[in-house]
Structure formats: C-alpha cells, structure tokens
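Me: Please take a close look at one helix in this model. Tell me what it packs against and what else it takes part in.

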Amino acid sequence: MDTSEQANAAPGAQQAALDAAFARVRFVLVETSHPGNVGSVARAIKTMGFGGRAGTLVLVSPREPAVREHPEAVALASGADDVLRAARVVDDLETALAGASYTVAMTARQREFGPPRLLPREATAKASEHLLAGASGIEAETAEPADIAFVFGNERFGLPNEAVDRCSVVTHIPANPAYASLNLAQAVQLVAYEMRLALLQERAAPPSDIGYAGQAATAEQIEAMFAHLQQGLEAIGFLDPAHPKKLMPRLRRLFARSGLEQEEVNLLRGIAKQMTLAGRGSPSGDPSDHRGDDRSGHTTET
C-alpha cells in the first residue's frame with residue numbers, strides 16, 4: 001500500500017476504532033425506582049453516541065422487573081427504544097460489572113474510605129485511556145478488550161457503600177451546593193457527554209508510545225483477588241475476622257489508585273496463596289517457584 005492509500009485508509013480505521021471504544025462503555029443503574037427515568041437514561045446515552053451494542057445500559061434489580069416494556073419508560077425513551085429494549089436486567093452489581101476493567105461510581109457522599117475521587121472530566125479521561133490501552137495493548141490480539149462502566153444509584157438513596165467499594169474511582173457533578181438537584185437522566189447525560197468528549201479528543205490526539213501496558217484486570221478478577229488476599233491475611237494472623245477494622249477498605253483504596261493489570265492480580269494471588277499455606281503450616285514447595293494460582297487455571301511468572 002502506497003502513502004496515498006495509507007492516508008485514505010487511516011480515517012476509516014480510526015473511525016472503526018472510535019466506534020469500538022463507544023461500544024465498550026456501559027451505564028449501570030442500580031435499583032432504579034421509576035420506569036420513566038430508565039427511558040430517559042436510554043435517550044440520554046443514545047444522544048451522546050452510546051447504546052450501539054446490546055447491554056450498554058445495565059439495570060441492577062430495578063423496582064419494575066418489566067421496565068423495558070413499561071409504557072412510561074418507552075414514552076420517555078423518545079426514539080431510543082432500541083437502547084431500552086437491548087438493556088440487560090441483572091440481579092447484582094457483580095454481574096453488571098463483569099468484564100469491566102475500569103468502573104466509576106457516581107456519588108456525592110463523602111466517605112472516610114473508598115476509591116479515589118475525581119471530577120467527571122478527569123474520570124472520563126482515565127476511562128478513555130483504559131479503552132485505548134485495552135484495544136492496543138500487547139495482549140489485545142488474544143484477549144477481548146475490557147469494558148468501562150459508570151455506576152449510578154437509586155434516585156433517593158444513591159449507591160450503598162459496598163457498591164462504591166467495588167468501583168475503581170468515585171466521581172460527582174460539582175453542581176450548585178445550594179441547589180444540587182439533578183435527576184438521574186441529567187446526571188447520566190452529563191457523564192455521557194464528558195465521555196464522548198474524552199473519546200473524540202483521544203481520536204484527534206497523535207498516538208504516543210507509552211511502552212508496555214498489560215491487560216487491565218476486570219472487576220470480577222479484582223474481587224476474587226481481594227477474597228483470596230483476605231483469606232491469606234487471616235491465615236497468618238494479620239487480619240482478625242472478628243475485628244477487621246478498616247484493613248480491607250484501606251487495601252481496596254490502595255489498589256484502586258494503582259490500576260491493576262491481570263498479571264499483577266495473579267502475582268498478588270500467588271502471594272496470598274503462600275500466606276494461606278504458611279498460616280496452615282503446609283509446605284509451600286520450592287521457594288524459588290513464585291508462580292501464583294489465579295483460580296482460573298492460569299499461572300503467572302514473577
């Protein structure tokens with residue numbers, strides 16, 4: 001292919017990559033009360049270019065189980081009924097976040113512990129980086145790129161602490177503190193707009209060589225790691241399960257700041273395995289063998 005052919009092919013390939021990035025963005029609504037809000041959210045995300053893939057909108061235990069067919073939801077979707085029909089309804093947040101490597105909780109509530117807090121523009125910029133890293137990383141040729149997800153709570157109560165703790169970062173819309181009244185669809189619209197801008201800006205920016213970047217760990221891999229790590233800490237007596245205090249929330253916050261890759265998760269699970277064996281008084285095998293079992297049949301060399 002000569003130079004002119006490459007120049008003509010580049011915009012098409014660039015647009016295909018952008019479309020693929022848009023398709024890997026999820027919007028998760030947790031225990032939404034009003035069917036109309038679900039329809040309005042479908043309209044909001046379609047307006048910003050999302051919803052082209054089934055399951056872009058994920059509904060966790062909505063109050064109305066048949067919300068996708070509810071007349072109020074369909075009416076307020078207003079042309080985005082295709083996004084509404086393609087929404088996934090799941091029973092828990094763990095299922096909703098499966099396969100996502102970067103998750104953003106929307107909450108204005110201040111917490112002593114929890115994921116790092118970013119403004120929406122910062123959070124969406126990092127989300128865009130994750131999407132591009134997943135698409136162009138060394139392991140992308142053999143692994144399906146992970147999604148990113150934005151998580152919104154119930155209209156009245158917001159997100160519970162355990163849902164926030166599962167996310168990579170926290171964000172909130174810095175509205176007028178004297179009247180910070182945004183409905184659910186408005187909040188989703190603003191975040192979707194910032195995500196759209198971040199992706200379009202990444203398309204316009206020249207590519208840069210950032211060196212090796214491994215495949216980002218998904219939400220379920222990180223949760224399994226924390227369960228394994230807690231088991232190991234209990235085995236060696238460092239964590240008292242009767243009085244855990246804030247050890248695990250602090251560790252969650254620590255690792256959320258780092259942006260774990262799959263190999264790093266496997267490494268940490270290998271350490272947790274050795275702690276468990278040591279705590280039980282079991283032989284740990286050859287000390288020179290530091291391979292970690294990730295409970296999925298894979299091992300990683302350190």
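**A close look at α9**

Reply: α9 packs with helix α11 (residues 262-280) at an angle of about 25 degrees, and their axes are 7 Å apart. Angles under 35 degrees count as roughly parallel, so α9 is roughly parallel to α11. The crossing of α9 past α11 is left-handed. Bear in mind that this is a predicted model.

Now look at the residues in this contact. From α9 come Gln 221, Ile 222, Ala 224, Met 225, His 228, Leu 229, Gln 231, Gly 232, Leu 233 and Ala 235. They meet Gln 262, Val 265, Leu 268, Arg 269, Ala 272, Lys 273, Met 275, Thr 276, Gly 279 and Arg 280 in α11. Sorted by class, the contact has 10 nonpolar, 7 polar and 3 charged residues.

The structure holds 1 cavity of 30 Å³ or more. The space in the largest cavity is about 30 Å³. Its lining is made of Glu 94, Leu 97, Arg 166, Ala 219, Glu 220 and Glu 223. Two elements, α5 (93-97) and α9 (219-235), each give two or more residues to this lining. The largest share, 3 residues, comes from α9.

What classes do the residues of the lining of the largest cavity divide into? There are 2 nonpolar, no polar and 4 charged residues.

To recap, α9 packs roughly parallel to α11, and α9 gives the largest share of the lining of the largest cavity.

How values were computed: Residues numbered from 1 in each chain as written. Predicted model: local features only at pLDDT ≥ 70, side-chain atom pairs only at ≥ 80, totals over all residues. Heavy atoms only, no water. 1 Å grid on protein atoms, 1.4 Å probe; cavity = no way out; pocket = protein on both sides within 12 Å on 5 of 7 lines; lining within 4 Å. Points joined across faces, edges and corners; volume = space filled by probe spheres on them. Helix = DSSP H or I, 4+ residues; strand = E, 2+ residues; numbered from the N terminus. Nonpolar A, V, L, I, M, F, W, Y, C, P; charged D, E, K, R; others polar. Axes fitted to C-alpha atoms, helices over the stretch in contact; angles between N-to-C directions. Parallel < 35°, antiparallel > 145°, perpendicular 65-115°, else oblique. Left-handed = near helix turned anticlockwise from the far one by under 90°. Contact = heavy atoms within 4.5 Å.
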